[in-house]
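Biologist: I would like to go through the labels attached to this model one by one, and to hear for each how the value leads to the word.

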Amino acid sequence: MPLAAGKVKSDPPSMLLAERFRRLQRRIESLFDTLGLGKQDILVCEGATSMKDPHNAMKVEHVRSIFETLGRSRATCVPGRINPRSVQHEIMGLYGKQIPRQEVKFAAVQTALALFAKDLQRLGLISEVDGEDLGQHQDVVDALLVGQFAMTRIEAARDGSLPLEEVFQESNVRSRNSSWRAMDANRISKGL
């Protein structure tokens, strides 16, 4: 169950990139302080996605690295990243050839609604259970689905008495792909 959701806002592109990263790092540190992030927690980021602009891809990678480095500096477990395609396969049920981006976004919103409608309403991200306004929060939707998939790996590691890093290592995931199937929305919503 999601306890909170939000966005860490970056500064405008008119500011020097190094200064933007420095200020963003301060915001993330402040967020981690507020949350009391420490050694009892697990931090998982989404892995790299295909981006048309390599400059943007590098900026996103810098931001992920800030999150992970700050987490590690607090002794938080940072076992690995989640491949976005794995989320599409295992949580959203999208197999085969990559579908157009807009269709993936729509499917992500529908999946998030199926899994978290009441939580999203409680957090103020949607006003109605139909969730028409959820598309405005695509980053939050993606984070929720990455988190849901991360939880399936964390539970699998605990059930199998495996180190978390082992179940997040991509080569292990590919060889055991069928073992990471996510529960269907009904079972999740009932807490089974």
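Modeller: Let us begin with glutamate 68, which lies in helix α2; helices here are DSSP runs of H or I with at least four residues, strands are runs of E with at least two, and both are numbered from the N terminus. The model is a predicted one, in which local features need pLDDT of at least 70 and side-chain atom pairs count only at pLDDT 80 or more, while totals for chains, interfaces and linings use all residues. Residues are numbered from 1 along each chain as its sequence is written, and side-chain values use heavy atoms, with hydrogens and water left out.

Biologist: Why is glutamate 68 called buried?

Modeller: Buried means under 20% relative accessible area, exposed over 50% and partly exposed in between, with a 1.4 Å probe and protein chains only. Glutamate 68 has a relative accessible area of 7%, and therefore it counts as buried. Apart from neighbours within four places in sequence, glutamate 68 is in contact (heavy atoms within 4.5 Å) with Leu43, Cys45, Val78 and Arg81.

Biologist: What makes the pairing of glutamate 68 and arginine 81 a salt bridge?

Modeller: The term asks for a side-chain nitrogen of Lys or Arg within 4 Å of a carboxyl oxygen of Asp or Glu, and the side chains of glutamate 68 and arginine 81 meet at 2.8 Å, N to O. Since glutamate 68 belongs to helix α2 and arginine 81 to strand β2, the pair ties together parts that are 13 residues apart in sequence. Salt bridges with shared partners join Glu46, Glu61, Arg64, Glu68 and Arg81 into one network.

Biologist: How do you know that glutamate 61 and arginine 81 form a salt bridge, and why is glutamate 61 called partly exposed?

Modeller: The side chains of glutamate 61 and arginine 81 come to 2.8 Å, N to O, and the pair is accordingly listed as a salt bridge. Distant parts of the chain are linked here, with glutamate 61 in helix α2 (residues 54–73) and arginine 81 in strand β2 (residues 81–82), 20 residues apart. Glutamate 61 has 24% relative accessibility, so it counts as partly exposed, and arginine 81, with a relative accessible area of 22%, is partly exposed as well.

Biologist: How many salt bridges does the structure hold, and where do glutamate 19 and arginine 22 lie?

Modeller: The structure holds nine salt bridges. In the one between glutamate 19 and arginine 22, the closest N and O atoms are 2.4 Å apart, and both residues lie in helix α1 (residues 17–35), three residues apart, about one turn of the helix.

Biologist: Why is α4 called roughly perpendicular to α5?

Modeller: The axes of helix α4 (residues 101–122) and helix α5 (residues 138–159) come within 9 Å and cross at roughly 75 degrees, so α4 is roughly perpendicular to α5. Axes are lines fitted to C-alpha atoms, for helices over the stretch in contact, with angles running from 0 to 180 degrees between N-to-C directions; under 35 degrees is roughly parallel, over 145 roughly antiparallel, 65 to 115 roughly perpendicular and the rest oblique. Among the residues making the contact are Leu115 and Phe116 of α4 and Leu144 and Leu145 of α5.

Biologist: What makes alanine 157 a buried residue, and which residues is it in contact with?

Modeller: Alanine 157, placed in helix α5, has 1% relative accessibility, and so it counts as buried. Leaving aside neighbours within four places in sequence, alanine 157 is in contact with Leu162, Pro163, Leu164 and Val167.

Biologist: Why is serine 161 called exposed, and what is its phi?

Modeller: Serine 161 has a relative accessible area of 67%, and it is therefore exposed. Its phi is positive, about 50 degrees, although serine 161 is not a glycine. Most residues other than glycine have a negative phi. Serine 161 sits in the loop between α5 and α6 (164–168). Alanine 75, in the loop between α2 and β2, likewise has a positive phi, near 65 degrees, but with 48% relative accessibility it counts as partly exposed.

Biologist: How many helices and strands does the chain have, and what share of its residues is buried?

Modeller: There are eight helices and two strands, and buried residues make up 36% of the 192 residues in the chain.
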